[in-house]
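Let's take a friendly look at how two protein chains meet. Have the sequence and the 3D view ready as you read.

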Amino acid sequence: MSFAATLVLMAEIWVWIGLAISALFLTIGIGRVDEDARGAYVFRPLLVPGIILIWPLVLWRWWIIETGRDDWAKRHQPPRAFHAQAWMVLAVVIPLIFLAALAARQSTELLTPPVLLEAPQ
Amino acid sequence: MSVKYIPVQWNPNKYVYDAVMLAAVAAFLWFFMFVSPDLLAHDRPITGQIRTARAFGACAFFMLTVILCIGPLARLDARFLPLLYNRRHFGVMAFFIALTHAYAILGWYFSFTPIETYEALLSTNTSFDRVRGFPFEILGLFALLCLGVLALTSHDFWMKFLTPPIWKALHFLIYAAYAAVIGHVALGVLQDGHATGLTVAFGLSGALVIALHLAAVMKDRRAGDPAASIAQDGWEVACHADQVEEGFGKVAVLSTGERVAVFRQEGKLSAISNACSHQNGPLGEGRIIDCLVTCPWHGFQYNVTNGRSPEPFTETVPTYDLRIDGAKVLIRSEPNPPGTYVEPVAATPANKDTV
């Protein structure tokens with residue numbers, strides 16, 4: 001099996017596990033971890049694609065809340081400093097990518113002009 | 001604000017916001033697909049399918065650029081705050097536009113491969129060791145996955161379930177996605193030496209996003225929230241009482257790194273966390289309206305004496321004990337659990353000259 005085929009297979013397995021977890025979470029878990037979700041059913045199908053994408057995070061948060069380990073203080077500590085650090089890096093990385101790509105660009109004028117081939121006799 | 005979750009929370013303002021956004025997207029796509037070919041009279045015209053794919057791709061890129069400009073613009077000038085109000089719908093729309101681009105590309109370039117479509121996408125070009133001919137499709141796929149995570153975890157439930165800091169950390173993927181999109185475009189369509197107009201437009205867009213973010217960072221460093229000074233065990237001086245204007249807040253950064261907002265209501269002072277429980281918006285920059293401070297980002301409201309949203313809403317923020325020592329406002333470093341009532345403290349009126 002090729003590397004690409006393996007990646008596609010892993011993605012499919014990821015999706016199937018995500019579907020199973022979303023069925024479990026949306027029927028049993030969601031009402032236990034969030035009082036605002038109790039009795040609210042119409043919005044739940046909207047969460048399925050998100051659960052499929054990040055199901056390990058969903059399981060981790062479900063476990064944290066169920067076991068009473070949720071730290072309320074952390075809810076109010078936004079990661080503000082990251083913005084500045086991220087944009088210091090991106091201010092270098094983005095122009096670098098852009099300029100490197102333009103430098104690698106080939107001039108189409110220099111390419112050999114197309115030749116009409118004779119049909120084999 | 002939430003009581004019971006519903007699929008999409010719309011209101012008249014959001015209808016207007018979404019209508020303007022949809023009209024702009026439709027106008028962009030119409031211009032790109034039907035007007036620009038005749039206007040530009042390309043010497044090497046492309047097929048309709050490729051033009052459609054490029055129209056959606058370009059639209060997604062410029063939407064992403066605008067989305068990334070809104071945050072720093074709102075930090076630089078409060079008049080841009082209304083754009084922030086419904087940015088989530090903007091992001092979800094950008095994802096679906098990008099998804100349409102991907103669908104059109106797969107349908108045109110990978111329809112008749114002898115192997116499975118996605119396998120073909122991942123294996124057609126694996127020249128990761130060079131700039132020229134780099135598999136730019138993978139960068140696009142990565143960016144699409146990031147946008148998917150952002151769009152599909154945009155419901156208010158996710159913010160409450162994951163907590164705003166984790167949700168925000170997850171949504172920092174937007175930065176990686178933007179860098180990947182720049183690479184996807186520059187190593188893809190811009191490799192065509194004839195695409196001068198697109199090259200300039202994409203280059204200027206990237207430069208604008210970087211410039212605005214750096215300007216916002218510099219503004220925050222130059223005129224950021226002042227640090228509180230430690231007074232005695234467990235208490236810190238947040239500000240002077242006469243610096244807090246009636247109906248407004250004054251923000252200070254405690255030694256713990258947390259931001260506290262001191263408000264004056266009917267002459268008395270109260271202190272709550274500066275981070276809104278919805279998206280950690282800056283409550284200290286909000287105004288008190290009808291006895292409630294209103295978050296400038298999305299309009300969530302809290303009673304400043306107990307950090308609770310008005311009934312029937314259930315959001316809460318931590319409160320802080322405070323006392324007056326002469327002209328100084330002292331705050332206890334450790335917050336009270338969210339929703340804890342703290343008796344407001346009488347203080348000298350605000351002096352307009354020192355606010």
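Of the area that chain B buries against chain A, 12% comes from Tyr5(B), Phe161(B) and Tyr175(B), more than from any other three residues.

This is a predicted model, in which local features need pLDDT of at least 70 and side-chain atom pairs count only at pLDDT 80 or more, while totals for chains, interfaces and linings use all residues. Residues are numbered from 1 along each chain as its sequence is written, chains are lettered from A and ligands numbered from 1 in the order in which they are written, and side-chain values use heavy atoms, leaving out hydrogens and water.

**Who takes part**
- The contact (heavy atoms within 4.5 Å) involves 70 residues of chain B and 58 residues of chain A.

**Charged pairs**
- The interface of chain B and chain A holds 2 salt bridges, each a side-chain nitrogen of Lys or Arg within 4 Å of a carboxyl oxygen of Asp or Glu.
- Lys160(B) and Asp34(A) join their side chains in a salt bridge, at 3.0 Å from N to O.

**Confidence**
- Chain B has a mean pLDDT of 89, with 96% of its residues at 70 or more; pLDDT is the predictor's confidence in each residue, from 0 to 100.
- For the complex, the predictor gives an ipTM of 0.89 and a pTM of 0.86.

Technical notes
Buried area = accessible area lost by both parts, 1.4 Å probe.
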